[in-house]
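Colleague: I have a model open on my screen and would like to learn how to read it feature by feature. Could you walk me through it?

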Amino acid sequence: MKELSVNHLLGIKYINENDINLIFETADHFKEVINRPIKKVPSLRDITIANIFFENSTRTKLSFELAQKRLSADVINFAASSSSVTKGETLVDTVNNILSMKVDMVVMRHASPGAAVFLSKNVKASIVNAGDGAHEHPTQALLDAYTIREKLGDVSGKKVVIVGDILHSRVALSNIYSLQKLGAEVRVCGPKTLIPKYIEALGVKVEPNLRKALEWCDVANMLRVQNERLDISYFPSTREYAMQYGLDKKLLDSLNKEIVIMHPGPINRGVEITSDVADSKQSVILNQVENGVAIRMAVIYLLASKIK
Ligand code: CP
């Protein structure tokens with residue numbers, strides 16, 4: 001049986017093209033399973049997983065939980081805000097207490113970049129990064145690339161522009177790694193203040209003009225402005241941001257080709273994308289969410305097979 005080269009999923013940086021393709025092949029199988037009348041398989045009846053979320057989430061948290069239940073794993077959920085973390089318990093103590101209840105795998109979202117790597121070095125369990133600050137969000141990048149593959153047949157050779165707040169985005173960095181590993185060309189577009197200085201060192205060109213970026217690409221991934229991570233004002237006003245970097249139907253329809261529109265969610269409707277674009281036939285936003293369950297089933301299944 002083929003297996004992953006890693007025991008944890010900490011970031012796309014740490015996995016290779018073969019790992020990504022294995023996750024996609026496994027997700028193809030699970031996507032077929034979750035479209036059956038009985039959407040469940042008994043594969044992980046002997047595995048217990050803890051979902052520990054130190055930051056808010058809708059899609060990632062529910063999708064991981066559903067993926068685990070579809071695989072018949074036992075699942076416990078932990079929200080930091082209602083836990084003893086509020087009394088000063090450390091991350092390692094918290095997780096070691098959870099692991100002493102015979103838990104095999106931890107899925108963690110944390111506000112600190114590097115938290116998942118840190119945890120993997122300090123506890124004895126398989127760790128899945130569900131987003132660590134502005135660092136990586138590997139399962140989001142996997143479901144994004146999987147959705148491009150589903151929509152366009154392949155990721156290799158495709159041109160993808162990531163638009164918006166690149167500086168604070170874990171989705172951008174993980175997408176850059178995954179798309180490049182799969183042979184796509186990636187550009188970024190956004191206000192100069194929200195483009196990290198190291199971006200060209202990653203082999204990514206900057207296109208400051210949204211129309212030119214859209215004319216170049218096959219796929220546009222429209223990112224949310226991460227207001228919760230903005231310590232200073234990076235652009236004059238939300239209205240001006242929307243006028244320069246927001247995608248509306250008039251701009252989309254004025255392009256001389258059809259492009260695929262993606263967004264990781266949650267959407268600020270009317271800021272980075274208007275409702276008529278988000279809900280248009282070119283948008284695959286809900287396909288991304290649907291594919292998230294199959295991708296997370298694949299990741300959990302493949303990591304669990306390494307601890308059995
Ligand atoms: N895309 C994403 O990570 O969404 P949530 O924050 O709702 O999980």
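Colleague: Where does Arg170 lie?

Modeller: Keep in mind that this is a predicted model. Arg170 sits in helix α6, which covers residues 170-181.

Colleague: Is Arg170 buried or exposed?

Modeller: The general idea is a cut-off: buried means under 20% relative accessible area. Arg170 has 7% relative accessibility, so it counts as buried.

Colleague: With which residue does the side chain of Arg170 make a polar contact?

Modeller: For polar contacts, look for pairs of N or O atoms within 3.5 Å. Here the partner is Glu55: the two side chains make a polar contact at 3.0 Å.

Colleague: Now to another residue of that helix. How should I read Ala172, buried or exposed?

Modeller: Ala172 also lies in helix α6. Its relative accessibility is 1%, and therefore Ala172 counts as buried. If you set aside neighbours within four places in sequence, Ala172 is in contact with Ile162, Ile166 and Leu223.

Colleague: Which residues does the UniProt annotation "binding site" cover?

Modeller: According to the UniProt record, an unreviewed entry, the annotation covers Lys87, Arg170 and Arg224. They span 138 residues of sequence and are spread in space too, with up to 32.6 Å between C-alpha atoms. Of these residues, Arg170 and Arg224 belong to the lining of the largest pocket.

Colleague: Where is Arg224 found, and what is it in contact with?

Modeller: Arg224 is in the loop that runs between β8 (219-222) and α8 (238-245). With 17% relative accessibility it counts as buried, because the cut-off is 20%. Beyond its neighbours within four places in sequence, Arg224 is in contact with Asp165, His263, Pro266, Asn268 and Glu272.

Colleague: Let's turn to the ligand. Which residues are around it?

Modeller: Around the ligand you will find Ser57, Thr58, Arg59, Thr60, Arg109, His137, Gln140, Pro264 and Gly265.

Colleague: What lies 2.6 Å from an oxygen atom of the ligand?

Modeller: That is a polar side-chain atom of Ser57. For Arg109, an N or O atom of the side chain is 2.9 Å from an oxygen atom of the ligand. Pro264 uses its backbone instead: an N or O atom there lies 2.8 Å from a nitrogen atom of the ligand. On its own the ligand has 260 Å² of accessible area, and the protein covers 91% of that.

Key. Residues are numbered from 1 along each chain as its sequence is written. This is a predicted model: local features need pLDDT of at least 70, side-chain atom pairs count only at pLDDT 80 or more; totals for chains, interfaces and linings use all residues. Side-chain values use heavy atoms; hydrogens and water are left out. UniProt positions are given in the numbering used here, feature names are shortened, and annotations may be inferred rather than shown by experiment. On a 1 Å grid over the protein atoms alone, a cavity is a set of points where a 1.4 Å probe fits but cannot get out, and a pocket is an open set with protein on both sides within 12 Å along at least five of seven lines; lining residues have an atom within 4 Å of a point. Helices (H or I, at least four residues) and strands (E, at least two) are DSSP runs, numbered from the N terminus. Buried means under 20% relative accessible area, exposed over 50%, partly exposed in between (1.4 Å probe, protein chains only). A polar contact is a pair of N or O atoms within 3.5 Å; within protein, one must be able to donate a hydrogen and the other to accept it, and residues adjacent in sequence count only if both atoms are side-chain atoms. Contact means heavy atoms within 4.5 Å. A residue is near a molecule or strand if one of its heavy atoms lies within 4 Å of it. Accessible areas come from the Shrake-Rupley method with a 1.4 Å probe; for residues, only the protein chains shown count as cover.
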